[in-house]
Amino acid sequence: MSACASAGANPQSGAESAQRAEPVFAPVYEGIETRLLDDTLVNFRVAMRGARDADDVTNYADCAAAQYTLIRGYGFARHLRTNVSERSGLWEADAVYTVSADLPKGTLTIDADVAAANCAANGIPTV
């Protein structure tokens, strides 16, 4: 019976221990490079450190695209492609988007007003 008592005396469960082992997300945003490829076709190159995975650097590129879309007076962007790489902790994304006043066809569309507000709320910088 004492074995049961000592096993139950550990206040940390396995799930709690796993949560504590997870590193704190502390991104360092290294910058955004914007290149206009055509009137409504834009390339963004972003870099960051402290990303958890490719999604973090892709989100950074989406935020750059959202704010740029608003600056140009458009309301929407459509994601065309993103290439992500990581070397020695530096994550980079090379992404291309189209910008437009109307909701474009396709599934990878961004409502620039909504996305820019989400980026600000999450502390992700924009252009």
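## Exercises: a helix, a histidine and some rings

Asp111 caps the N-terminal end of helix H4, with a side-chain oxygen 3.2 Å from the backbone nitrogen of Asp113. Helices (H or I, at least four residues) and strands (E, at least two) are DSSP runs, numbered from the N terminus. Before you start: this is a predicted model, where local features need pLDDT of at least 70 and side-chain atom pairs count only at pLDDT 80 or more, while totals for chains, interfaces and linings use all residues. Residues are numbered from 1 along each chain as its sequence is written, and side-chain values use heavy atoms, with hydrogens and water left out.

**Exercise 1.** Find which residues of H4 are buried and work out how they sit around the axis.

*Solution.* 
- Step 1: look along residues 112-121, and you'll find Ala112, Ala115, Ala116 and Cys119 buried. Buried means under 20% relative accessible area, exposed over 50%, and partly exposed in between (1.4 Å probe, protein chains only).
- Step 2: check the directions from the helix axis to the C-beta atoms, since these define the arc. The four cover an arc of only 100°, so they share the same side of H4.
- Step 3: turn to the other side of H4, where Asp113 and Ala121 are exposed.
- Step 4: see what covers the buried residues; helix H3 (54-71) and strand S5 (109-111) are included.

**Exercise 2.** Describe the surroundings of His79.

*Solution.* 
- Step 1: with a relative accessible area of 18%, His79 is buried.
- Step 2: look for polar contacts, meaning pairs of N or O atoms within 3.5 Å; within protein, one must be able to donate a hydrogen and the other to accept it, and residues adjacent in sequence count only if both atoms are side-chain atoms. The His79 side chain has such a contact with the side chain of Thr82 (2.5 Å).
- Step 3: list contacts (heavy atoms within 4.5 Å). Leaving out residues up to four places away in sequence, His79 touches Val96, Tyr97 and Leu108.

**Exercise 3.** Trace the ring cluster that includes Phe44.

*Solution.* 
- Step 1: rings of Phe, Tyr and Trp (its six-membered ring) pair if their centres lie within 6.5 Å; planes under 30 degrees apart count as stacked, over 60 as edge-to-face and the rest as tilted. The structure holds 3 aromatic pairs.
- Step 2: Phe44 and Tyr68 pair edge-to-face, at 5.5 Å centre to centre and 75° between the planes.
- Step 3: Phe44 is buried at 0% relative accessibility. Its ring centre is 5.7 Å from that of Tyr97, with the planes at 70°, so this pair is edge-to-face.
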